[in-house]
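Biologist: Please take a close look at one part for me: the place where the chains meet. I would like one connected account.

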Amino acid sequence: MTAVSKLLRRSETAVLAILLVVMIVIGVINPAFWQADNLFNLLRANVVIGIMALSVLTVMISGGIDLSFPAFAVAAMYLTVIAMNAAGYQGVVLPFIGATLIGLLCGLANAFFIHTFRMIPMIVTLGSASVVRGLLLGLVGTSIINIDRMPPSLIAFGSSTVDIGSSKLSLMIFIYLGIALLMWVFLTRTMAGRAVFAYGDDAESAKRVGFNTRRTVYLVYGLAGALAGFAGLLHASMIWLANPRDFVGYELDVIAAVVLGGASIFGGRGSVFGTILGVFMLTLIKNSLIIMHIDNTWQGVVVGCVIVIATALTAWRDRKALV
Amino acid sequence: MAEPLIELRAVTKRFPGMKALDSVDFQIFPAEIVCLAGENGSGKSTLIKIVSGIYDFDEGDLLVDGKPVADFGPRAAIAAGIQVIYQDFSLFPSLTVAENLALNRLLSEGKTFVDPAHRRRLGAEALARLDVAIDLEATVGTLSTADRQIVAIARALMSDTRLLIMDEPTTALTGREVDRLFSIVREIQAKGIAVLFVSHKMREMLEISERITVFRNGRKVEEGPTGEFNEARITRAMTGHDIGHERHVWAGDTEAVPRLSVRGLAVGEAVRGIDLDLHRGEIVGLSGLLGSGRTELAMALFGMEPHSGDIRLDGALLRLASVQDAVAAGIAYVPEDRLSEGLFMQQPIARNVIASAISRATRGPFLDSDRLNALAEQVVSDMRIATPDIDKHAGQLSGGNQQRVVIGRWLLTNPKVLILNGPTVGVDVGSKAEIHRRIRDLAANTGLAVLMISDDVPELIQNCNRILLMHRGAIVDCLDARSVEEDDIHGRLKGLR
């Protein structure tokens, strides 16, 4: 097989091609699309969903599914902001470490149930999401922390930009790309990352080959929780608001983006680059719908269609590959 | 003689309520090829698991290189150079060939980071050792079964392997692929590695091995150089009695209107211009290499493949556009893969047998459970299905009993034509003879016409009155089973490649 035909067979190539076509079409309809301000805004909208997608990607490669990340993100975000306000703390690094740790602990709890009781990840994460959201609203509070009560250090961090020409590009994009690079190294260049693929492909074989599958499960869900926690606080910093009811419906958007990026819901397949493209495609679609003044409710229809069509395509591809 | 590589002395393994192995002595010497024979549940899988360190045993000693080993776990087995290739190969279908090959070594090196170039080098080395060419960057899921097996073998030989255990290695292979496997096995042997085969197929055991050990009910019942064995002796040792080799005699009238008559049947490119007559009471064998079109022919007769040509049943023209058409006409089909195509594993036997004849157990729109149970009991006794009751799930039965459920189900529809595709694949010898006897009885007593598709030549010779060979979509040979010899058919099949 030549390098070119191999490249053409990769699902990332297809996503990239579709992406370019969509961008050209949108650009024709509305030339303002290509303005740097709009593109930078679009990129900024990728950051939080993108980091969450990377966490879901890891879980999906391992053959599982994670429906708890929005709940973990909201818990990490809200608890950290409340703690900062209570302590009067003004900093950035420590809060982000705290939020990440909260997410990590929640993720490890998922892993405990999934591994110890051999439970289906969907049920475990559905349950833990409900528990975490319920506890947060019941024990911690239901009030939205507005811009006037948000820690100024977080707001300053979330709105930091770099000037490119006359436009400002959010620095958060580099955090996202940095995390993506780390995830790529982890998934493709470390044994622990290859263990995730092997486990998702065939858990029993992974055990026979000598992988520590327990460690893999804890790693996958712990990492997913940690990324969700980090993304949660980053989200609050970027919108200057901490809402304990935030991230409702993110499950679908993020899973749609990951599937769109070519990951298999049956495990064993998926890539960081594909996921980045999938996230970009999804934000592009939602962004265009907003620009075209299409009602919020219809966005759900579009995202739902995207997830079904993308899954159908990957299923079709997988079946064709087997024949 | 040299020291045995691994030796079991009076090893007993108990499971609740049974002795899986009963005071077994067993040895394997370096660079020998040993075959392990035995019916399902005879203890051969238990033996493999003890030798590979997965099972602990209750009594006896295990010696590696003449020295007793106290705590023999999976790691100790791997350290002693023992590698097992399971039937499912334990490969990763979404990963590349190179990665599948390299994983073991990379894991034992204990590195944190993976270098793709190093990985490819390890993979290339592993394939070079077997002198085979497989694309290292291909994902394993896209390979043929035979190539996947070679990847599994290559992977097993990456470490310092001294004994390679292969569990039913030839089940999914075609004749030519078996030949290639055997030449690889001989190369492995030439490198000083011992190979332990577990197989159902006697012909292959006799071809490849130097020593045969037969197990029955947890005991070693026979052992000796392969030269001292023939199929009858292995069968006798496995089952404890002689399996009758009666043949199917058909003395019907070839001039009568055939039960099933096929003229000019074509299925796309796979089957071209087939003419075929099956008379009442005939059992006609059909063999051919994989891809000869035999399965497509069967599927067309069962209404599952669009086709052209005439199909007549007792002289009346049939239109078989769907499975429902075929069932209504009285055609029954037992598929090749009963696990995925034939049985509802999580459902009780009773529901499984009634699945194709549900209208016989209904009252109005409702199921009549009394009638259903009566029919199910009848099938269980007719087919001699070994089960305590009809509520047991199909998945809990042995392979032979599962196959009887599938065949029994069709008998409830009172078929006129029965198409069997690989009727005894994965069924052990005793059960196989029972199924054969039942099919011959049905043909002789009810006027059923049977088309038996099989790779198992002795099975065809024993049960059929005529044997057809198919090649590239056409019937190329028609043999009289009374006068044909097994080797003759094997020779003809090889000639078709």
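**The chain A–chain B contact**

Modeller: Six residue pairs, both at pLDDT 80 or more, are in polar contact between chain A and chain B. A polar contact is a pair of N or O atoms within 3.5 Å; within protein, one must be able to donate a hydrogen and the other to accept it, and residues adjacent in sequence count only if both atoms are side-chain atoms.

This is a predicted model: local features need pLDDT of at least 70, side-chain atom pairs count only at pLDDT 80 or more, and totals for chains, interfaces and linings use all residues. Residues are numbered from 1 along each chain as its sequence is written, chains are lettered from A and ligands numbered from 1 in the order written, and side-chain values use heavy atoms, without hydrogens and water.

Chain A brings 22 residues to the contact (heavy atoms within 4.5 Å). Chain B brings 23 residues. About 1900 Å² is buried between them, 59% of it from carbon and sulfur atoms. Buried area is the accessible area (1.4 Å probe) lost when two parts are put together, summed over both. Met191(A), Arg208(A) and Val209(A) supply 32% of what chain A buries against chain B, more than any other three residues.

Two salt bridges link the chains (Lys or Arg side-chain nitrogen within 4 Å of an Asp or Glu carboxyl oxygen). Arg208(A) pairs in a salt bridge with Asp88(B), the closest N and O atoms lying 3.3 Å apart.

On chain A, the elements giving two or more residues to this side are α8 (172–189), α9 (191–201), α10 (203–209) and α14 (296–322). Helices here are DSSP runs of H or I, at least four residues, numbered from the N terminus. The largest share, five residues, comes from α9(A).
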